[in-house]
Amino acid sequence: MSAKITAIRGMNDILPVAIKDAPVTTKDWQAVEQVLRQLMQQYGYQEIRLPIVETTPLFKRAIGEVTDIVEKEMYTFEDRGGDSLTLRPEGTAGCVRACLEHSLTYNQTQRLWYAGPMFRYERPQKGRYRQFHQFGVETFGMKGADIEAELILMTARLWKMLGLTDVVSLELNSLGELPARQAYRAALVDYLTQHLDQLDEDSKRRLTTNPLRVLDSKDPKTQAVLVNAPTLADYLDDESRQHMQTLTAVLTAAGVKYTLNPRLVRGLDYYNKTVFEWVTSALGSQGTVCAGGRYDGLVTQLGGQATPAVGFAIGLERLVLLLDTLKGQGQLSSDSDIYLLADETAVQQALLVAETLRNSLTNYRIVTHCGGGSFKSQMKKADKTGAVVALILGQDELVQQTITVKWLQKGEQLSLPQAELSSYLQSSLGASA
Ligand code: ATP
Ligand code: MG
């Protein structure tokens, strides 16, 4: 026997039914996707669809050589023409590339969103995968704090729509502008160098390559050293300070709670001013559900004219897992509303009746039992799909042009002329909804 071929580790199938290894179903995903689409519509954001593969230099330039992503997480390969390509590890780089390529940010503002798979070679665990999905928003051309406020209010609304307000919290920080960050970096390196022997290996390495990232360290000994480290807040420029005040004033007025976290950083030079994260304690250590910030330097870094930009990305696996953890599975567990049963003489008529019903009952899921079997086994299947009503066509019904209607939850049964079925169901389903 030949060996079984399985999916790649850390790249998951999403199934229509919940099983032990894949508890989150396509229905759970669709429910979240629908809410996200509605949210984007409410705020007047437009969808952009981007390639999953880009040239490798795009990510090296946009994300930076001394980052976890570029150093060790990218899926990079040579194509048959000898070009180095990479499966996108995030969406911002491709989005900026597309905007520049098609002049979308030239003298105009943009509010864009995208959703889709991203790829990172990481150690797979709960909430961390090699193929995962992000929902991302990127805005261009707006330099005031009002756009950050809009993005944060938008995410706060999303949690409300999903019933998650109580389990997520907002952390905010300002990274200031480059000179402030450089002054801070020097002070931080100075301080950490005095405590070198207490730092973990990764942090020692980062001290020379990307010192701000040391603030991210999860190592307890390094964290202890960081307690007394200088903070970025003390080095901020006045404009960045004012920007943060404008933002927090809106959040306070809108009733959105936040915590200022001076350790919240991004290790990339193009980030400036606002960074924010929505975190939860309900998912173990993979607690960041949404991460965002201002990145006014990226467009120039990729060869465009200076363009202010702010965006965020939500890790959809973490969001769906969070919903699943809190609400349990099977909220939307039914697979049909109306289920048609037919004996072998009535198969054709059942298909035709279903087609007619779909013309008028456009919002209902109408499933025809295919594949034969006794009425008893067909009825079992109808129950299993969670249908509200079963429609039965046998030889008698065929001759009399009637149909038997069985309300599965109430157990009521009646017979109707087939011609009256649509209007009968329309009024009774409407009434029972
Ligand atoms: P982390 O610190 O958890 O590694 P990150 O800083 O690498 O996160 P970002 O690049 O900011 O993450 O991506 C935005 C969001 O995408 C994260 O907050 C998270 O929700 C999600 N995410 C990132 N990497 C993964 C992954 N490997 N699997 C699932 N979700 C992920
Ligand atoms: Mg990461």
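I'll take the ground rules, then the sheet, then the ligand.

This is a predicted model: local features need pLDDT of at least 70, side-chain atom pairs count only at pLDDT 80 or more, and totals for chains, interfaces and linings use all residues. Residues are numbered from 1 along each chain as its sequence is written, chains are lettered from A and ligands numbered from 1 in written order, and side-chain values use heavy atoms, without hydrogens and water.

The sheet. It is open, with 8 strands in the order S1-S5-S6-S11-S10-S9-S7-S8 and mixed pairing. Strands are DSSP runs of E, at least two residues, numbered from the N terminus. Two of them pair if DSSP finds at least two bridges between them. S1 (46–47) and S8 (259–260) are the edges, each pairing on one side only. S9 (272–279) and S10 (288–294) run antiparallel, joined by 6 bridges. Within S10, glycine 293 is the bridge partner of valine 275.

Now ligand 1. Residues near it (a heavy atom within 4 Å) include Arg120, Tyr129, Phe132 and Arg318. The shell splits into 4 nonpolar, 4 polar and 4 charged residues; Gly counts as polar, Tyr as nonpolar.

Polar contacts here are N or O pairs within 3.5 Å. Glutamate 122 puts a polar side-chain atom 2.6 Å from a ligand nitrogen. Arginine 128 reaches a ligand oxygen at 2.8 Å, and glutamine 134 an oxygen at 3.1 Å. Alone, ligand 1 exposes 580 Å², and the protein buries 79% of that (Shrake-Rupley, 1.4 Å probe).

Which element gives the largest share of the shell? S10, with 3 residues.

Conventions:
Helix = DSSP H or I, 4+ residues; strand = E, 2+ residues; numbered from the N terminus. Polar contact = N/O pair within 3.5 Å; in protein donor to acceptor, adjacent residues only side chain to side chain.
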